[in-house]
Amino acid sequence: PTTVTPKTTTKTKTEVKLQRPPLYKVILLNDDYTPREFVVSVLKAVFRMGEETASRVMLTAHQKGACVIAVYTRDVAETKAKEATELGKAKGYPLFFTTEKEE
Ligand code: TYC
């Protein structure tokens with residue numbers, strides 16, 4: 001009689017975990033002096049929002065004190081926050097955008 005020995009094989013799977021860069025929120029802060037329309041125009045120009053979204057974001061910051069605008073990689077978030085803040089500064093407004101790391 002013949003005996004058959006089953007062959008067994010082992011496969012090793014290596015999973016590669018891709019690193020995603022941490023994201024940063026850009027936050028719009030309310031103030032008492034910057035005209036509403038100017039805030040809306042900055043949101044449209046720097047954050048490519050339409051009129052409706054920009055108005056809603058501006059109103060949220062106006063009523064609640066702050067509003068998260070968008071999330072980007074750190075460089076993009078910091079550059080946009082700075083650009084938007086500078087646009088207000090050039091007009092003498094205290095309009096301020098800040099960034100915060102997303103957890
Ligand atoms: N509070 C401002 C006003 O009454 C308008 C404003 C809204 C300013 C949102 C900043 O992030 C802001 N003219």
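Okay, let's start with T98, which sits in strand β3; helices (H or I, at least four residues) and strands (E, at least two) here are DSSP runs, numbered from the N terminus. Before I go on, this is a predicted model, where local features need pLDDT of at least 70 and side-chain atom pairs count only at pLDDT 80 or more, while totals for chains, interfaces and linings use all residues. Residues are numbered from 1 along each chain as its sequence is written, and side-chain values use heavy atoms, with hydrogens and water left out.

Leaving aside residues up to four places away in sequence, T98 touches K25, V26, I27, L29 and A81; contact means heavy atoms within 4.5 Å. T98 and L28 are 70 residues apart along the chain, yet 6.7 Å separates their C-alpha atoms.

L28 takes us to the ligand. Around the ligand you find L28, L29, N30, D31, T34, R36, V39, M58, A61 and H62, where being near takes a heavy atom within 4 Å. β1 (23–29), α1 (36–47) and α2 (51–64) each supply at least two residues of that shell, and α2 gives the most, with three.

N30 puts a polar side-chain atom 2.8 Å from a ligand nitrogen. D31 uses a polar backbone atom, at 2.7 Å from a ligand nitrogen. For H62, an N or O atom in the side chain is 2.9 Å from a ligand nitrogen. Taken alone the ligand exposes 340 Å², and the protein buries 88% of that, by the Shrake-Rupley method with a 1.4 Å probe; for residues, only the protein chains shown count as cover.

Last stop, α1. Its buried residues are F38, V39, V40, V42, L43, V46 and F47, and V39 is also one of the residues around the ligand. Covering those buried residues are elements including β1, α2, β2 (66–73), α3 (74–90) and β3 (96–101). After α1 comes R48, with a positive phi near 50°.

How values were computed. A polar contact is a pair of N or O atoms within 3.5 Å; within protein, one must be able to donate a hydrogen and the other to accept it, and residues adjacent in sequence count only if both atoms are side-chain atoms. Buried means under 20% relative accessible area, exposed over 50%, partly exposed in between (1.4 Å probe, protein chains only).
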